[in-house]
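Please look through the sequence and the structure shown here before reading on. The report that comes after them takes up a few features in turn.

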Amino acid sequence: MSEDNMSNISVCASCGIAEVDEVKLKECSACNLVRYCSDECQKNHATYHKEACKKRAAELRDELLFKQPDGTHRGDCPICMIPLPLNKKSIIMSCCSKLICRGCHYANQKRVYEGRIEHACPFCREPIPSTDEGFEKQRMKRIKANDPVAMRREGVVQYKKGDYSSAFEYFARAAELGDAEAHYQLSLLYDEGHGVEKDRGKEIYHLEEAAIGGHPDARFNIGFEEDESGNIERAVKHWIISANLGDDGSIKTLMALFKQGKVSKDVLAAALRAHQAALDATKSPQRDAAEQDY
């Protein structure tokens, strides 16, 4: 029976048995095109299904990869609920692993000094340690609680020490828990060959996972990988997506391509509007006050 006929009915693509009574079918996890009653049937049908499966799996991957994320991997400040900027002018709290915008951190500092009260986290109200050992203790406590952000931060600490193997382990654990920045850090390790053997395939995989999670730098890098491979249309798609998230490097690249005649005026104009809108969305009077005071 052909795969076209199999896709809309509940029968095993290999033996043809229907999903009735005790017979339960499972989809091919790679493409979701066909279903099988057993691992043996799936194995027997592999030769006939391989081409269609590979094609559909690539299509599904692209659908996921080129979907515009709702926001960046940094998310919103958990206090003011305004998107965090990409310029990294935010403060991460070791007690709860929350990334706080500078505006809310500034407001909390002001509250502490004016009220002469104990310096505490603006989110969870845990007292702020007075020593580096205290911060490290808090971070290790979060790691034991399976916190991916704390794991990734420890990975950065180990990387700076030159312990690339430990850095890789922490990044890998954080990535497994869905941390986009950890995926990005893993892509760098595979590119550099630090702690692991250089592996272009794994580098690209982790760049893609980070990009899907809203990481503009990762998507910017994928754009250049595609451009170097001669896939300028795919590269432009990536740079448009990251520009829409507020990435300066991507919008500058699109402007350069426009001058070269590789990007249309309408496409650039839309990207410029979206880029500015993303930047404006991160602004607030409280953040402006913090910038002036710092």
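This is a predicted model: local features need pLDDT of at least 70, side-chain atom pairs count only at pLDDT 80 or more; totals for chains, interfaces and linings use all residues.

In soluble globular proteins, nonpolar side chains tend to be buried together. In this model the largest nonpolar core has 13 residues, and the members that touch the most other members are I143, M151, F171, L186 and L189. Two or more residues of this core come from each of α5 (148–161), α6 (164–176) and α7 (180–192), and the element that gives the most is α6, with five residues.

## Aromatic rings

A pair of aromatic rings is described by the distance of the centres and the angle of the planes. The structure holds four aromatic pairs. In one of them, the ring centres of F220 and F224 are 5.0 Å apart and the planes stand at 70°, which is over 60 degrees, so this pair counts as edge-to-face. F220 and F224 both belong to helix α9 (residues 216–228), and because they are four residues apart there, about one helical turn separates them.

F224 also pairs with W239, again edge-to-face, with 5.1 Å from centre to centre and 65° between the planes. This second pair links distant parts of the chain, since F224 is in helix α9 whereas W239 is in helix α10 (residues 232–244), 15 residues apart. Through such ring pairs, F220, F224 and W239 are linked into a cluster. Are the residues F224 and W239 buried or exposed, or something in between? F224 has a relative accessibility of 34%, which lies between the cut-offs of 20% and 50%, so F224 counts as partly exposed; W239 has a relative accessibility of 1% and therefore counts as buried.

A ring may also have a charge over it, as is the case for F66: the charged end of K237 sits over this ring, 5.3 Å from its centre.

## The largest pocket

Rolling a probe the size of a water molecule over the atoms shows where empty space is left. In this model, the largest pocket contains about 840 Å³ of space. Its lining is formed by 28 residues, and those that lie nearest the centre of the pocket are I92, L99, V149, R152 and R153. The elements β3, α5 and α7 each give two or more residues to this lining, and the largest share, seven residues, comes from α5.

## Two residues of one loop

I79 lies in the loop between α2 (39–65) and β3 (90–92), and T72 is found in the loop between α2 and β3 as well. With a relative accessibility of 34%, I79 counts as partly exposed, whereas T72, at 16%, falls under the cut-off of 20% and so counts as buried.

The contacts of these residues reach other parts of the chain. Not counting residues up to four places away in sequence, I79 touches I100, C104, P122 and F123, while T72 touches L86, G213, G214, P216 and L245. I79 can also be compared with C101: the two are 22 residues apart in sequence, and their C-alpha atoms are 8.4 Å apart in space.

Methods. Residues are numbered from 1 along each chain as its sequence is written. Side-chain values use heavy atoms; hydrogens and water are left out. A nonpolar core is a set of buried Ala, Val, Leu, Ile, Met, Phe, Trp, Tyr and Cys residues joined through side-chain atoms within 4.5 Å. Buried means under 20% relative accessible area, exposed over 50%, partly exposed in between (1.4 Å probe, protein chains only). Contact means heavy atoms within 4.5 Å. Rings of Phe, Tyr and Trp (its six-membered ring) pair if their centres lie within 6.5 Å; planes under 30 degrees apart count as stacked, over 60 as edge-to-face and the rest as tilted. A charge sits over a ring if NZ of Lys or CZ of Arg is within 6 Å of the ring centre and within 35 degrees of the ring normal. On a 1 Å grid over the protein atoms alone, a cavity is a set of points where a 1.4 Å probe fits but cannot get out, and a pocket is an open set with protein on both sides within 12 Å along at least five of seven lines; lining residues have an atom within 4 Å of a point. Grid points are joined across faces, edges and corners, and a volume is the space filled by probe spheres set on the points.
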